[in-house]
Protein chains: 2
Amino acid sequence: MKFKLPKKSMHKGPNFIREVFERGAGIPGFISFGIGNPASEAIPVKEIQDAFDEIVHTNPIEILQYGPMQGDAHLAELTRRRLINVRHMPAEGQSILISIGAGQDLGLVPRTICEDGDEVYMDAYTFTSGINAVRNCGAVPVGIAMDEKGMIPEALEKAAKSGKGKYIYLIPNFQNPTGITMPLERRRAIYDIARTYDLLIYEDDPYGEIRFTDEVVPTFKSMDEDNRVIYAGSYSKTVSAGLRVGFLYGPEEIIGAIQMVKNNCDGQMPLVTQRVVAHLLDTIDYDEQIKKVARVYKEKCDLMLDTFKKYGSSKVRFTTPTGGMFVWMTMPDGVDCDAFFETCMEHKVGIVKGAAFAADGIPAGQSFRLSFTFPSKEQIVEGMKIVGALTKEVCGD
Amino acid sequence: MKFKLPKKSMHKGPNFIREVFERGAGIPGFISFGIGNPASEAIPVKEIQDAFDEIVHTNPIEILQYGPMQGDAHLAELTRRRLINVRHMPAEGQSILISIGAGQDLGLVPRTICEDGDEVYMDAYTFTSGINAVRNCGAVPVGIAMDEKGMIPEALEKAAKSGKGKYIYLIPNFQNPTGITMPLERRRAIYDIARTYDLLIYEDDPYGEIRFTDEVVPTFKSMDEDNRVIYAGSYSKTVSAGLRVGFLYGPEEIIGAIQMVKNNCDGQMPLVTQRVVAHLLDTIDYDEQIKKVARVYKEKCDLMLDTFKKYGSSKVRFTTPTGGMFVWMTMPDGVDCDAFFETCMEHKVGIVKGAAFAADGIPAGQSFRLSFTFPSKEQIVEGMKIVGALTKEVCGD
């Protein structure tokens, strides 16, 4: 039969993250800085196993039948309380929605809020699925120029003048892919523009609590006087990514609409995995668990940067993240990034080209992302020696 | 702030199924024929617990880290093989997609295939989320008149002449809400119209194997000469609804596009629940499990209809399902269905008004749906005595 898919559902280009994964999978001794997996050694395995044992063997019918469409009420309440009490977010006029990881939210928000041709403003380089989900919903992911503090307010304002914008998508803490944390005054400037042009803000904060320092920059949601911020969080990085438990917290009316769209279009979520997370929150010291994750990540991050400083080209600029999972390195103009990526692959090291993260209208650039969380420390040292030496070859000493 | 949600994301009316659930939840002794839950006694609880124990304690990191975006490859292969070998579906040119229940497919198909204003043809009365998901995607769920054999080909053809149709949504076996199974010659006629107007067919078959008789009507997919059928199935009714494992099987190009949209917009699925289902398929006699479910359902269905025949009004017409979960009863014209529903609630029995299942352009009608799977046999007898007596009161003897 002849059948034409809509333009929004057509593939827009290669997935470089998957490419690294798939090509690396067949290579013995391959070291991947491409995959954004959490550190396995920071997952509370025993506690999760205990939680499964308890939940699967206590009233099993409850988790094996259809459960509540909104998800586990206890988990929602524990999450909501932490957002209010620990993260200082407003309590009034807000609703919470439990999702299958924060990944499910990436589609739910534009699907519910956007119509064909609406614009979504986002960092020039941002999370690949954050870009692609907007495209797949028929909206336009407009890349906004960044500097070392993140999105540039003047560039945002220029784009917002089109009047076609619906929301700004931001990862303000330890941004993916750059590792940048947006300072407070920059957040205030972005919020003011959202106010002027009546835009919502979708604050994606999956690693927000995984900090390497004591400095806490307030979230947009905690400063949300107008109730225009939809906050997304996740237990993927603090507990386990495989359990797929995330959430949205924001204006009642909007979360209500998203919940309805989710009920109709996505159906129910597994209850057992939600119960496991709730059981953990009830039984472990969650703050201590987050600190443990941060300690593990910081050590690996330091090791990555220290090794690069020792072996890499001084011509390469890089970010020094204060949390999260990613370092962003930028090579001088004129260096062939595609060729550099291939050379790394030949040397059995996976990196992700900046082009993977480029929103609409943004050039591929001279940068690449490195994730320091999943590889072992030995792999980090070995791999960064190789990456470092290769940058010297192509960028000069 | 002032913010207007798109029309597609606005609530279209009450959810009568949820209403029955929520109002009934607070009433002691309430008997619900409203909820479409499987029979708890047919869930292989012990085997599922064993599967969890095995999977959670063997290589736990695998299920606690991000897993394959496409889901568990072994589960996909077991499912694919069954569709080809047992259900006689074509192998060539097809792909399989694992989903979070067949519920997730209800949104994925229109989101990927439809653009704003496209028409989707469906039974006049059909699964509520099947209707709402199409609405939420900005497409138009066009209800097509039915008779005792299901969708009427001539009515479909009349609608299809608009040229705006993208696909036909059908539940050919033991339809929800009517319990009707579409005979072979009717399937052929519908398929011919799909061919003439170049429409895809979305065959939703969650209860297809739960048959009360030996008669097997071939699926659309098994007769799919043009490769225009997307088949959706689920392990919710044969194993456990709470595990949320379903699948799509259909044309490579279309499943590929749906998979990409799913990857971008929905993210990953929990792996543990998929592994539990795969472990069950590997270790239990799945055919015997399906037969067990069918035996339990048939017994309850017979009990429901026998009790109604004994105590109900002869003026009420009802379907006699040969499988699945639902009976559809139709009262004479002029009876006030809303008032009848309220009277049932007052007598502590929940039914679902036909209006819950009406696609766009279809009147509320004189019917109601009864689900016979979840209540106990005692509840079925007691509840159907009450429903029966009430029909006599409002419809006459």
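Tutor: Two strands pair if DSSP finds at least two bridges between them, and strands themselves are DSSP runs (E, at least two residues), numbered from the N terminus, as are helices (H or I, at least four). The model is predicted, with local features needing pLDDT of at least 70 and side-chain atom pairs counting only at pLDDT 80 or more, while totals for chains, interfaces and linings use all residues; side-chain values use heavy atoms, without hydrogens and water. Residues are numbered from 1 along each chain as its sequence is written, and chains are lettered from A and ligands numbered from 1 in the order in which they are written.

In chain A, the open sheet consists of four strands in the order S11-S12-S15-S14, with antiparallel pairing. Its edges are strand S11 (317-318) and strand S14 (352-353) of chain A, each of which pairs on one side only. In general, strands of a sheet pair through backbone hydrogen bonds, either parallel or antiparallel. Within this sheet, strand S12 (residues 326-330) and strand S15 (residues 367-371) of chain A are joined by five bridges in the antiparallel sense.

Helix H11 (residues 286-311) of chain A lies across S11, S12 and S15 of chain A, where contact means heavy atoms within 4.5 Å. H11 of chain A runs at about 20° to S12(A); axes are lines fitted to C-alpha atoms, for helices over the stretch in contact, and angles run from 0 to 180 degrees between N-to-C directions.
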